[in-house]
Amino acid sequence: MVRARIVGTGAYVPERVITNYDLEKMVSTSDEWIVTRTGIRERRVVFPDQATSDLAVEASRRALEAAGVGAADLDLIIVATLTPDMWVPSTACVLQAKLGAKKAWGFDLNAACSGFVYGLWVVDQFIRAGGARRVLLVGAEVLSKIVDWEDRNTCVLFADGAGAVVIVPEDGERGLLGARMRSDGEGWRMVYMPGGGTAIPPSHESLDGRYHYLKMNGNELFKVAVRAMEEVARVVLADCGIRAEELDLFVPHQANLRIIQATAKRLNIPDEKIYVNIDRYGNTSAASVPLALDEAHRQALVRPGDLVLMDAFGGGLTWGAALVRW
Ligand SMILES: CC(C)(COP(=O)(O)OP(=O)(O)OC[C@H]1O[C@@H](n2cnc3c(N)ncnc32)[C@H](O)[C@@H]1OP(=O)(O)O)[C@@H](O)C(=O)NCCC(=O)NCCS
């Protein structure tokens, strides 16, 4: 049976570090509040001249090198992002040009923080249908440019980064074993950016009204996220006939340490099998799962044959889980 297998991972975060103590000087917050409520200690933020594709290209080069695949051999590029460089063209096309991936075609995928996991499922469809053989899947975000740095409810959470994987078809037991994606549009107001699109195009009024920044109902999201991530993970494990105890590594979206721990507890996954890096990077939305996956892989926490469960939740609402045999 042909499966989509990840054969290389890469990640990149901007050099600039913003600690909780830096934030104490900007909004009414404290390191103690942020650490106990979210698990975040510091995050990475771009310089003004850096855009999402600048982070994506570095992560992609590292993933291609790890995979031993040349950019010229890629046939599909998907960039999961909610912070594209611009409206038109897609960040995937900008990335294609920067990489020199002349034979590829590509597009952006917006499923907010679930974008990378959605992307895995999309790539799997192309691979199994024979439509693609060398795929670059990237999750990349510059959330610092759509965060309201005067709003303590959001500015302490979101940050910038990129992660990438190279995926190829392979016959056998390794690769994507199963995945399920969900969305519930009824909840779209729980996290959204009202301005800049066709609903509220840019205007002096939209700028004055701060419509070009993320708005979030964190408390509501928290409750839904834990339930949703648990449910979809359970279904994927059942689909694949795998028990939670058999998992080698759980790589959840890094939105809040308490969400991660509550979800893992409900799934009976012990702490030592959860990969956590939210303390260093905050919530990097679509970049968070591939960034964590790359770190875990480079630390040899993922070995051939290991069962790795990825699980994400985000705006839309969207959520999904994917199980891989490494
Ligand atoms: C945002 C989040 C950290 C808030 O934690 P919480 O425990 O739910 O806290 P609450 O929202 O109930 O707020 C508690 C208090 O802290 C205050 N507060 C909020 N942000 C604060 C900050 N940065 N510093 C200090 N106090 C803060 C609130 O104003 C509130 O004060 P009040 O009780 O006087 O009204 C948490 O709800 C969360 O992580 N939600 C999910 C977010 C998410 O996943 N978003 C993206 C989708 S992927």
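Helices (H or I, at least four residues) and strands (E, at least two) are DSSP runs, numbered from the N terminus. The model is a predicted one, in which local features need pLDDT of at least 70 and side-chain atom pairs count only at pLDDT 80 or more, while totals for chains, interfaces and linings use all residues. Residues are numbered from 1 along each chain as its sequence is written.

**Around the ligand**

A residue is near a molecule if its C-beta atom, placed from the backbone, lies within 6 Å of it. There are 21 residues around the ligand, and Thr29, Arg152, Gly218, Ala255 and Asn256 come nearest. At least two residues of the shell are supplied by each of α2 (31-38), α6 (152-155), α8 (218-240) and β12 (307-314). The most comes from α8, which gives five residues.

Domain 1 (2-172) and domain 2 (177-325) each contribute at least three residues to the shell; the domain bounds come from an automatic or database domain assignment. By residue class, the shell holds eleven nonpolar, eight polar and two charged residues. Here Ala, Val, Leu, Ile, Met, Phe, Trp, Tyr, Cys and Pro count as nonpolar, Asp, Glu, Lys and Arg as charged, and the others, Gly among them, as polar.

**A helix and a strand with buried residues**

A residue is called buried if 20 or more other C-beta atoms lie within 10 Å of its own, exposed if 12 or fewer, and partly exposed in between, with C-beta atoms placed from the backbone. Helix α11 (residues 288-298) is largely enclosed by the rest of the structure, because ten of its eleven residues are buried. Among the buried residues of α11 are Ser288, Pro290, Asp294, Glu295 and His297. Ala300 follows α11 and has a positive phi, near 60 degrees.

Strand β6 (residues 135-142) is mostly covered, with eight of its eight residues buried. In a regular strand the side chains alternate between the two faces of the sheet.

Two strands pair if DSSP finds at least two bridges between them. β6 pairs with strand β4 (residues 76-80) in the parallel sense over five bridges, and in this pairing Leu137 of β6 is the bridge partner of Ile78. β6 is also joined to strand β7 (residues 160-171) by eight bridges, and these two run antiparallel. There, Ile167 of β7 is the bridge partner of Val135.

**Backbone details in loops**

Most residues other than glycine have a negative phi, and most peptide bonds are trans.

| Item | Backbone value | Loop |
|---|---|---|
| Val88 to Pro89, cis | omega near 0 degrees | Pro89: between β4 and α4 (91-99) |
| Gly316 to Leu317, cis | omega about -10 degrees | Leu317: between β12 and β13 (318-325) |
| Arg210, positive phi | phi about 55 degrees | between α7 (204-208) and β10 (215-216) |

Asn268 has 10 other C-beta atoms within 10 Å, so Asn268 is exposed.
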